[in-house]
Amino acid sequence: MAVKKFVVACFDDEKTLFPAVKNVRKTGYKIHDVYTPMPIHGLDAAMGLRDTSLHTAGFIYGITGTTTAFSFITWALTYDWPLNIGGKPYFSLPAWIPIMFELTVLFSAVGMVLTFCYLCQLAPFVKKDHFHLRATDDLFVMAVECTEKTNDSEVSDFLRNLGAIEVSTQYKETGWWIGRYDKDTEIFGKPVEPVVQS
Amino acid sequence: MTTLKEQFVVPKRYNTFSLVLMAIGVLSLIILFITHGTSSDEHVAARFWASILQNSVFFLMVTNGCIFFIAATTLAWGGWQMSFRRVPEAIAACVPFLGGIAGIVLLALVFGGNHAIYHWASPEAAHDPGIEHKAGFLNKTFFAVWTIITIVGWSWLGKKLRTLSTEIDNKPLSVEEGKRYIWNNTVWAAVYAVLFALTVLSSIPWFWLMSIDAHWYSTMYSWYTFASSWVSALSLITLFVVYLKNNGYLELTTKEHLHDLGKFIFAFSIFWTYLWFSQFMLIWYANIPEETIYFKPRLQGPYRAIFFLNLIINFLAPLLLLMKRSSKRNYGTITMMAVLVIFGHWLDFYQMVMPTAVMNPETKQTYVPNMLPDIGIGLGFVGLIMFVTGRALAKNSLVAKNHPFLKESIIHHT
């Protein structure tokens, strides 16, 4: 995790955002991320992101849940404390299937939520740098990462030509920290200009 | 829009194939009639009747499921299905034909002399304490009237929904007309949904299938039967969509639509399992002899293999093979799964009908009959569906090009 230099472009319409994303990628600049106020269909594909593996994780959590329920109930009801319930055999699978199903759902749901939070670095008190506060409101914000070879004024002009209504160069921490926004932000990266309401 | 292949031309091979299948069906029917149908023993003759009962009811309910697909998507104001909606519409055109066949079979079973299958229709059932008190529902008059109303109602409302769809093919709608058109569609779909709830979702499976075991009852039965026929209907729609895509039609239908159909097949296979298991578990738990009698021949008798095969084909296979996104978007996998699912639910209907309907006249025990003639008759029905659907597809444009929701379907993205 380090402080990096970004050129941040704001768009006010997804109709300009999509061609901009395509053009930026075609030109060879590296898109750090695109922040949008709502989920946008097809943006992942346009940015060239690979499909998420979250569902594979969900499947693994699910079968873990099934196995846990099955093995625990088997152990408890046939070995550790066998009970005669309505004359049914100790090993009575049909009665356990609802519980196996519930544990499958529970494990996969909780596991996927936690995995999702881990992948997105979301947790209580965990803080991250923001590129633009209006990304959560009404602006589509694209952050282009700069390397030592990147000429940021050239990138800015390029993005403005693509229809960005606001372009700025920012130094931002890419990792996370635990703390408070109002006190800590200035520790990380160089101070940036306050958000200008247009 | 000008370059779309809108007009389906029934290929010669398709026609020949459907005719060959129908010939196989008729041949199997004749063979089964000669070997069993002409017998003077009513239990031997029941083998013949059970086979056509199972096949005609199954395929009627599957094609009727396609009308339900139209009605359900219309009621939900869905747009994604619009690019291939002519396919379920065309399959729905089979309902009057299959309904006619099933109606004749059902009425012949009730009013004919052979009461081995519908035991409740025989004169001695009037003194059977297990059936006597059900007579308010389970009587010949109600059965006949309700069966006829049902089949005519399905055919008529299916026809109505199809006409609504095709009548705007040559007249583009203004925004106002479009709104009125959607409203009109919604109302007719709602009328169908009410009929569907009163028939498939409640009384019809009780009448046609559950009354074979007249002493036994399960409130779950209708939904379970519905789930079977609905998932098969979705598979049938998928098969026709894939067939048309492979022949260069339906350019507006993409993998996104196929993906959604795959999700439907996947989800409703799970739904079917849920209902199947709910019915089974309650009976297993309570363990009351008059209820468990239904599962005796199926789970512990000669139908044991079919019983578990049913569960493997209809639950495990879709669960494991259709879970991945890529398999739902793959033409080969989805075709294989659709065929498997239709066969699986055909088998499900087989084990609903056969164990009680057939009986060895010497041992008075149920047995698993040789399945070949049943499969042959089933193939005959498949041929009939192919034949009628092909004709119905060729009659109208393949794209509902003036429908207000078409654009939604073109840009559809999962």
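Which helix of chain B does Leu406(B) lie in? Leu406(B) lies in helix H16 of chain B, residues 406-410. Helices here are DSSP runs of H or I with at least four residues, strands are DSSP runs of E with at least two, and both are numbered from the N terminus.

Before going on, some housekeeping. This is a predicted model, in which local features need pLDDT of at least 70 and side-chain atom pairs count only at pLDDT 80 or more, while totals for chains, interfaces and linings use all residues. Residues are numbered from 1 along each chain as its sequence is written, and chains are lettered from A and ligands numbered from 1 in the order in which they are written.

Back to Leu406(B). Leaving aside neighbours within four places in sequence, Leu406(B) is in contact with Met82(B), Ala400(B) and Lys401(B). Contact means that the C-beta atoms of two residues, placed from the backbone, lie within 7 Å. Leu406(B) counts as partly exposed, because it has 17 C-beta neighbours inside 10 Å. For that scale, a residue is buried if 20 or more other C-beta atoms lie within 10 Å of its own, exposed if 12 or fewer, and partly exposed in between, again with C-beta atoms placed from the backbone.

Staying in chain B, let me turn to helix H7, residues 175-208. A kink of about 40° lies at Ser202(B), shortly before the proline Pro205(B). The bend at a residue is the angle between axes fitted to the seven residues ending there and the seven starting there. Buried residues of H7(B) include Asn185(B), Ala189(B), Tyr192(B) and Phe196(B), and Pro205(B) is also among them. What covers the buried residues includes helices H2 (42-75), H4 (95-111), H6 (140-166) and H8 (221-246) of chain B.

The loop between H8 and helix H9 (255-286) of chain B holds Leu250(B). Phi of Leu250(B) is near 50°, a positive value in a residue other than glycine. Most residues other than glycine have a negative phi. Leu250(B) counts as buried, because it has 25 C-beta neighbours inside 10 Å.

Chain A has a residue with a positive phi too. Phe125(A) is not a glycine, yet its phi is about 70°. It is found in the loop between helix H4 (93-119) and S3 of chain A. Is Phe125(A) buried or exposed? Phe125(A) is exposed, because 9 other C-beta atoms lie within 10 Å.

Strand S3 of chain A, residues 126-128, contains Lys127(A). This lysine is partly exposed, with 17 other C-beta atoms within 10 Å. Lys127(A) and Ser156(A) are 29 residues apart in sequence and 28 Å apart in space, C-alpha to C-alpha.

Now the sheet of chain A. Four strands form an open sheet in the order S2-S4-S1-S5, with antiparallel pairing. Two strands pair if DSSP finds at least two bridges between them. Strands S2 (30-35) and S5 (166-173) stand at the edges with a single partner strand each, so one side of each has no neighbour in the sheet. The twist averages 30° from one strand to the next.

Taking the pairs in turn, 5 bridges join S2(A) to S4(A), residues 140-145. In that pair, Ile31(A) stands opposite Val144(A), and Val34(A) stands opposite Met142(A). Strands S1(A) and S4(A) are joined by 6 bridges, and Ala9(A) also stands opposite Met142(A). S1(A) is joined to S5(A) by 8 bridges, and there the partner of Ala9(A) is Val167(A). S4(A) is mostly covered, with 5 of its 6 residues buried.

Helix H1 (14-27) of chain A lies across S1 (3-11), S2 and S4, running at about 10° to S4(A). Helix H5 (152-161) of chain A lies across S1, S4 and S5, at about 20° to S1(A). The axes are lines fitted to C-alpha atoms, for helices over the stretch in contact, and angles run from 0 to 180 degrees between N-to-C directions.

Last, the two chains together. 5 residues of chain A are in contact with 6 residues of chain B.
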